[in-house]
Amino acid sequence: MAKQPVFKDGQVLRFSTAARVLHTVHLLSFFTLLYTGLARLWPETNVLLGGDLLLGQTIHHLAAVVFIAVPVALALLYPRGALHFLKTLFSWDKDDTRWMIKFIPWMIRPQAVKLPPQGQEKAGQKVSAWIIIGFCLLIAVSGGLMWIAQFMPSELMKWMYAIHDVSMIILLFVIVMHIYMGVLFPATRRSWTSMITGYVPEEEARHGWRKWYDDLKKGQQTV
Ligand code: HEM
Ligand code: HEM
């Protein structure tokens, strides 16, 4: 995919085209899976599909293939970007611990609390991404086995259904919080635009991800 300039018109590139494509695909397939999955549990909610349960099931399966295949394909196409993302997510330093301690007071009074400098992902973003990725893996594995349930021991399948449902509930809570932070919370509510354009204002990058921004300025960081 075409490379975009890192600095442009007072803005800094935060997300590559591949990252934005993946995020959009996950966003659309996640809500499709949620709707068609819930329509299985409560058939009366299946109004958008005119109550057609078989159609709902087919769409659930198709969306599941997209949900799993797109990140796998992008990771194979851009292994360096994928490894960089994972390395960023699973790195942790003292500033991350300090950030987590100050997170709740900051949520209550953003102006009064100074957060420690952060790398490419803030500590809270890392923790939320661990939960999202972890439960997406669990929901995908349990769903995959549910798809071939007739060949599996019924005792195992009871667990898979339970894991699928619990993962769905946990993901729903975390994604609602995730959307709240990206769209509604006053200090971060404009950040959703970065998942569309790829860019954030330079001032915001300096303020929110100081260590990453400084490294970018020195040419020592990638996007
Ligand atoms: C990512 C891969 C996924 C796969 C392979 C998958 C597969 C399945 C399968 C095979 C079923 C059994 C019924 C059917 O055949 O339609 C099912 C049910 C269900 N799925 Fe998924 N699914 C996935 C992701 C999700 C996600 C992300 C959600 C919601 C956030 C979800 C929510 C549900 C619900 C609520 C049910 C009904 C469960 C029950 O009957 O107890 N699924 N899924
Ligand atoms: C309307 C729905 C959504 C909005 C507005 C939204 C918004 C955002 C934004 C603004 C970021 C970048 C945060 C940053 O600056 O680093 C982000 C990152 C991310 N999103 Fe979403 N998102 C949505 C749905 C989803 C869904 C459904 C998933 C997963 C199934 C997801 C998974 C992630 C992950 C793993 C990241 C990277 C880690 C992070 O920075 O938090 N998002 N999202």
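Colleague: Which residues in α5 meet α6?

Modeller: This is a predicted model, to start with. From α5, the residues are S128, I131, I132, F135, L138, I139, S142, G143, L145 and M146. They meet M157, M160, Y161, I163, H164, S167, M168, I170, L171, V174 and H178 in α6.

Colleague: What does the contact of α5 with α6 look like by class?

Modeller: It has 15 nonpolar residues, six polar and no charged.

Colleague: And at what angle do the axes of α5 and α6 cross?

Modeller: Roughly 150°, and the axes come within 8 Å. Angles over 145 degrees count as roughly antiparallel, so α5 is roughly antiparallel to α6. The crossing is left-handed.

Colleague: Switching to ligand 1. Which residues come nearest?

Modeller: L33, G37, A64, G143 and M146, out of 23 residues around ligand 1.

Colleague: Which of them gives the most?

Modeller: α1 does, with seven residues.

Colleague: How does the shell around ligand 1 divide by class?

Modeller: Into 15 nonpolar, six polar and two charged residues.

Colleague: Last topic, backbone. What is phi of D9?

Modeller: Near 50°, a positive value in a residue other than glycine. Most residues other than glycine have a negative phi.

Colleague: Where is D9 found?

Modeller: In the loop between β1 (7-8) and β2 (11-13).

Colleague: Is D9 buried or exposed?

Modeller: Exposed. D9 has 8 other C-beta atoms within 10 Å, and 12 or fewer counts as exposed.

Terms used. Residues numbered from 1 in each chain as written. Chains lettered and ligands numbered in written order. Predicted model: local features only at pLDDT ≥ 70, side-chain atom pairs only at ≥ 80, totals over all residues. Near = placed C-beta within 6 Å. Helix = DSSP H or I, 4+ residues; strand = E, 2+ residues; numbered from the N terminus. Nonpolar A, V, L, I, M, F, W, Y, C, P; charged D, E, K, R; others polar. Axes fitted to C-alpha atoms, helices over the stretch in contact; angles between N-to-C directions. Parallel < 35°, antiparallel > 145°, perpendicular 65-115°, else oblique. Left-handed = near helix turned anticlockwise from the far one by under 90°. Contact = placed C-beta atoms within 7 Å. Buried ≥ 20, exposed ≤ 12 C-beta atoms within 10 Å, placed from the backbone.
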